[in-house]
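Here is a short report on one structure. Keep the sequence and the 3D view side by side as you read.

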Amino acid sequence: MALMITDECINCDVCEPECPNDAIFLGEEHYDIDPHKCTECVGHFDEPQCVQICPVACIPVNPQHVEGRETLWQKYQRLQAAADRQP
Ligand code: SF4
Ligand code: SF4
């Protein structure tokens with residue numbers, strides 16, 4: 001599953017640098033997560049790093065992007081392959 005940030009977000013900035021996939025960005029109103037980059041930290045950490053650090057617990061599962069662990073693992077591998085192709 002990819003995660004999402006709700007409008008409870010207080011834009012405290014602490015989650016963005018913690019994401020190993022650069023999936024978190026500042027949207028129009030608050031921080032947001034690119035579901036195509038979020039692996040729920042699969043491949044990097046045992047727990048979602050953004051959820052661990054968020055002070056207001058506003059990062060639930062994105063119901064539009066429910067994915068199993070195998071799918072998340074494949075997404076991780078695609079992201080790694082793309083990163084390896086970067087100059
Ligand atoms: S769960 Fe992990 S990969 Fe997904 S947005 Fe949070 S820190 Fe990034
Ligand atoms: S840690 Fe939570 S409150 Fe802070 S910017 Fe990220 S989602 Fe928003």
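## Glutamine 49

Glutamine 49 counts as partly exposed because it has 19 C-beta neighbours inside 10 Å. The cut-offs are as follows: a residue is buried if 20 or more other C-beta atoms lie within 10 Å of its own, exposed if 12 or fewer, and partly exposed in between, with C-beta atoms placed from the backbone. Glutamine 49 sits in helix H1, which covers residues 49-53. Helices (H or I, at least four residues) and strands (E, at least two) are DSSP runs, numbered from the N terminus.

Which residues does glutamine 49 touch, not counting residues up to four places away in sequence? They are Glu18, Cys19, Pro20 and Cys41. Touching means contact: the C-beta atoms of the two residues, placed from the backbone, lie within 7 Å. Aspartate 22 is 27 residues from glutamine 49 along the chain, and their C-alpha atoms are separated by 12 Å.

## Model and numbering

This is a predicted model, in which local features need pLDDT of at least 70 and side-chain atom pairs count only at pLDDT 80 or more, while totals for chains, interfaces and linings use all residues. Residues are numbered from 1 along each chain as its sequence is written, and chains are lettered from A and ligands numbered from 1 in the order in which they are written.

## The whole chain

The chain has two helices and two strands. Along the sequence they follow the pattern β-β-α-α. The C-alpha trace spans about 35 × 30 × 20 Å along its principal axes.

How does the radius of gyration agree with that of a compact globule? With 87 residues, such a globule would have a value near 12 Å, and the chain has 13 Å, which agrees. The radius is taken over C-alpha atoms, and the globule rule is 2.2 Å times the number of residues to the power 0.38. Of the 87 residues, 24% count as buried. Take the contacts between residues at least 6 apart in sequence: 69% of them join residues at least 24 apart.

## Two ligands

Ligand 1 is surrounded by 14 residues. The closest are Cys19, Cys38, Cys41, Pro48 and Cys50. A residue is near a molecule if its C-beta atom, placed from the backbone, lies within 6 Å of it. The shell around ligand 1 holds nine nonpolar, three polar and two charged residues. Here Ala, Val, Leu, Ile, Met, Phe, Trp, Tyr, Cys and Pro count as nonpolar, Asp, Glu, Lys and Arg as charged, and the others, Gly among them, as polar.

Ligand 2 also has 14 residues around it. Cys9, Cys12, Cys15, Tyr31 and Cys54 come nearest. Its shell divides into 12 nonpolar, one polar and one charged.

## The nonpolar core

The largest nonpolar core has 13 residues. Leu3, Cys15, Ile24, Ile33 and Cys50 have the most contacts inside it. Such a core is a set of buried Ala, Val, Leu, Ile, Met, Phe, Trp, Tyr and Cys residues joined through C-beta atoms within 7 Å.

Leaving aside residues up to four places away in sequence, isoleucine 33 touches Ala2, Leu3, Met4, Ile5, Ala23, Ile24 and Cys38.

## Exposed residues

Now for some exposed positions. Asparagine 11 lies in the segment before strand E1 (24-26). Asparagine 11 is exposed, because 11 other C-beta atoms lie within 10 Å. Its phi is positive, about 55 degrees, although asparagine 11 is not a glycine. Aspartate 13 is found in the segment before E1 too. It is exposed, with 10 other C-beta atoms within 10 Å. Its phi is positive at about 75 degrees, and aspartate 13 is not a glycine.

Glutamate 47 lies in the loop between strand E2 (31-33) and H1. It counts as exposed because it has 9 C-beta neighbours inside 10 Å. Glutamate 47 touches Cys41 and Gln52, not counting residues up to four places away in sequence. Proline 63 is found in the loop between H1 and helix H2 (69-85). It has 9 C-beta neighbours inside 10 Å, so it counts as exposed. Methionine 4 is 59 residues from proline 63 along the chain, yet their C-alpha atoms are separated by 8.7 Å.
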